[in-house]
Amino acid sequence: MASPRLRRLRKLAKLQRAGLVEVEEAVAAEEAVEEDKSIAEEAKDVVEEVADLVEEVAEEVEEAIEAAVDKAEEVAEAVVEKVKKATGRRKRSTKKN
């Protein structure tokens with residue numbers, strides 16, 4: 001049989017090992033939390049970069065649409081002028097007859 005002192009030392013050693021396991025688990029959990037925070041920060045940075053790119057693309061698309069509308073208006077005006085000239089000639093030639 002072990003002496004009471006030896007039993008107490010064994011019990012303390014067992015408790016100490018259990019405490020170390022708990023500390024190791026707590027450290028691992030803290031490291032996981034820090035890693036999660038790091039991943040979240042990286043994700044936030046990526047989202048901000050994507051938002052900036054989307055904004056830039058939207059501006060470029062808007063400019064392209066405006067340019068296309070301007071060109072369409074120019075073409076429409078040119079067509080109207082040609083139609084006016086063509087119908088004006090017909091009216092004059094019809095009046096002469």
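The report below goes from overall form to single residues.

This is a predicted model, in which local features need pLDDT of at least 70, side-chain atom pairs count only at pLDDT 80 or more, and totals for chains, interfaces and linings use all residues. Residues are numbered from 1 along each chain as its sequence is written, and side-chain values use heavy atoms, with hydrogens and water left out.

**Overall form**

The protein has one helix and zero strands. Helices (H or I, at least four residues) and strands (E, at least two) are DSSP runs, numbered from the N terminus. Helix H1 covers residues 4–96. Along the principal axes, the C-alpha atoms fill a box of roughly 140 × 15 × 5 Å. The radius of gyration is 41 Å, whereas a compact globule of 97 residues would have a value near 13 Å. That radius is taken over C-alpha atoms, and the globule rule is 2.2 Å times the number of residues to the power 0.38. Glutamate 25 and lysine 71 are 46 residues apart along the chain, and their C-alpha atoms are separated by 68 Å.

**Surface**

Of the 97 residues, 1% count as buried. Buried means under 20% relative accessible area, exposed over 50%, and partly exposed in between (1.4 Å probe, protein chains only). Glutamate 25 counts as exposed because its relative accessibility is 53%. The protein exposes about 9200 Å², and carbon and sulfur atoms supply 58% of that area. Accessible areas come from the Shrake-Rupley method with a 1.4 Å probe; for residues, only the protein chains shown count as cover.

Val57, Val61, Ile65 and Val69 make a nonpolar surface patch of about 330 Å². Patch residues have over 30% relative accessible area and no salt bridge; nonpolar side chains (Val, Leu, Ile, Met, Phe, Trp, Tyr) are joined within 5 Å, like charges within 9 Å. Isoleucine 65 has its place in helix H1.

**Charges**

The protein carries 19 positive and 26 negative side chains, and the centres of the two sets lie 7 Å apart. Lys and Arg count as positive, Asp and Glu as negative; His and the chain ends are not counted. Each charge is placed at NZ of Lys, CZ of Arg, CG of Asp or CD of Glu.

A salt bridge is a side-chain nitrogen of Lys or Arg within 4 Å of a carboxyl oxygen of Asp or Glu. By this rule there are two.

| Salt bridge | Closest N and O atoms |
|---|---|
| Lysine 37 – glutamate 34 | 3.9 Å |
| Lysine 71 – glutamate 74 | 4.0 Å |

Lysine 37 and glutamate 34 both lie in helix H1, three residues apart, about one turn of the helix. Lysine 71 and glutamate 74 are also three residues apart in helix H1. Lysine 37 is partly exposed at 49% relative accessibility. Glutamate 34 is partly exposed at 40%, and glutamate 74 is partly exposed at 47%.
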